[in-house]
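Subject: Structure handover

Hello,

Here is the structure for you to look through. My notes come after it.

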Amino acid sequence: MAMIFPGMDPYLEHPGLWPGIHNEFIVYLRDQIQPALGPRYLAATETRVFIEGGDRVIVPDAFVRRTSTSAPRVTQGSVAVAEDDAPVIVRADPIEISESYLTILDRTAGQKIVTVIELLSPSNKRGGAGRKAYQRKQREVLRSDTHLIEIDLLRTGRHTVAVPKGLAQPRGPYDYLICVNRAKRPRDEFELYPRSLRRPLPTISVPLAKGDPDLRVPLQPVLDHTYNAGSYRERIAYDRPCVPPLSDDDQAWADALIRANPAEAPQPEA
């Protein structure tokens with residue numbers, strides 16, 4: 001079933017859905033570009049692993065800490081002292097998280113990595129181990145002779161792609177941003193593909209080794225395939241507000257698209 005939205009579906013950004021979207025998108029992107037790479041190059045999925053704290057909430061039992069509901073007792077010449085409220089204890093359990101990214105390898109140079117393609121995750125755009133791990137890898141690539149492509153399809157979180165935020169924002173309002181940094185040019189030069197929610201994802205130029213032309217890669221078909229293969233039309237609760245939230249105008253626009261494209265009712269088994 002076709003996607004409801006012309007470009008990125010903002011409902012796919014839900015934290016509960018994004019890990020699957022992330023890994024599937026990378027795999028389908030690899031499958032799309034591999035036939036066009038020719039005999040010289042290979043597209044390979046790689047994995048970055050880091051440890052991040054997870055939130056597990058423990059509500060104290062009543063017998064552990066009891067809060068009086070009576071008024072504080074006041075004696076002659078004393079100051080009223082209220083008892084403390086019972087705290088909610090949050091314990092961070094270490095969680096191993098794996099993130100996939102794509103590399104293009106040059107067979108003629110011992111499978112040297114010529115291009116890294118990253119799809120950003122929520123963990124990359126907030127503080128913590130995920131962001132540190134991503135930025136460490138980002139710095140390594142920018143100091144090497146490897147091209148870096150970053151695809152940010154998340155509206156929320158901190159600015160993370162390599163281009164400075166002050167250079168990207170004046171290029172007009174955007175919800176999503178793709179950033180290409182070429183190794184054979186000054187590292188402070190960036191090719192940007194800003195996209196609003198209401199536009200299809202772009203076709204980007206993927207640089208390869210010196211002397212070879214760029215590979216033209218349309219991103220919208222990759223997202224479409226990810227959406228359909230994962231049956232996200234049936235999994236998303238489109239009758240609820242988007243998470244992360246949209247502006248009032250964008251939510252009204254999204255609601256109109258959803259009403260115009262109702263989901264098909266499942267057919268009963270014969």
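Below are the overall figures, then the salt bridges, then one leucine.

First, the ground rules. This is a predicted model, so local features need pLDDT of at least 70 and side-chain atom pairs count only at pLDDT 80 or more, while totals for chains, interfaces and linings use all residues. Residues are numbered from 1 along each chain as its sequence is written, and side-chain values use heavy atoms, with hydrogens and water left out.

**Overall**

The protein averages a pLDDT of 86, and 80% of the residues score at least 70. (pLDDT is the predictor's confidence in each residue, from 0 to 100.) Residues 54-75 are the stretch to watch: pLDDT is below 50 there, though the model gives this stretch 29 contacts beyond near neighbours in sequence. A contact means heavy atoms within 4.5 Å. Where pLDDT is low, the predicted coordinates should not be read in detail.

The protein has 7 helices and 8 strands. These are DSSP runs, numbered from the N terminus: helices are H or I with at least four residues, strands are E with at least two. Of the 270 residues, 41% are buried. Buried means under 20% relative accessible area, exposed over 50%, and partly exposed in between (1.4 Å probe, protein chains only).

**Salt bridges**

The structure holds 11 salt bridges. Each is a side-chain nitrogen of Lys or Arg within 4 Å of a carboxyl oxygen of Asp or Glu.

- Aspartate 212 pairs with arginine 40 at 3.1 Å, N to O. The two are 172 residues apart: aspartate 212 is in the loop between β7 and β8 (215-218), arginine 40 in the loop between α1 (18-37) and β1 (41-58). Aspartate 212 is partly exposed at 28%, and arginine 40 is partly exposed at 26%.
- Lysine 112 pairs with aspartate 145, also at 3.1 Å, N to O. Lysine 112 sits in strand β3 (residues 112-119), and aspartate 145 in the loop between α3 (129-142) and β4 (147-152), 33 residues apart.
- Arginine 185 meets glutamate 191 at 3.0 Å, N to O.

**Leucine 201**

Where is leucine 201? In the loop between β6 (191-195) and β7 (203-206). Leucine 201 counts as buried because its relative accessible area is 7%. Beyond its neighbours within four places in sequence, its contacts include Gly7, Met8, Leu153 and Leu223. Leucine 153 is 48 residues away in sequence, with 9.5 Å between the C-alpha atoms.

Best wishes
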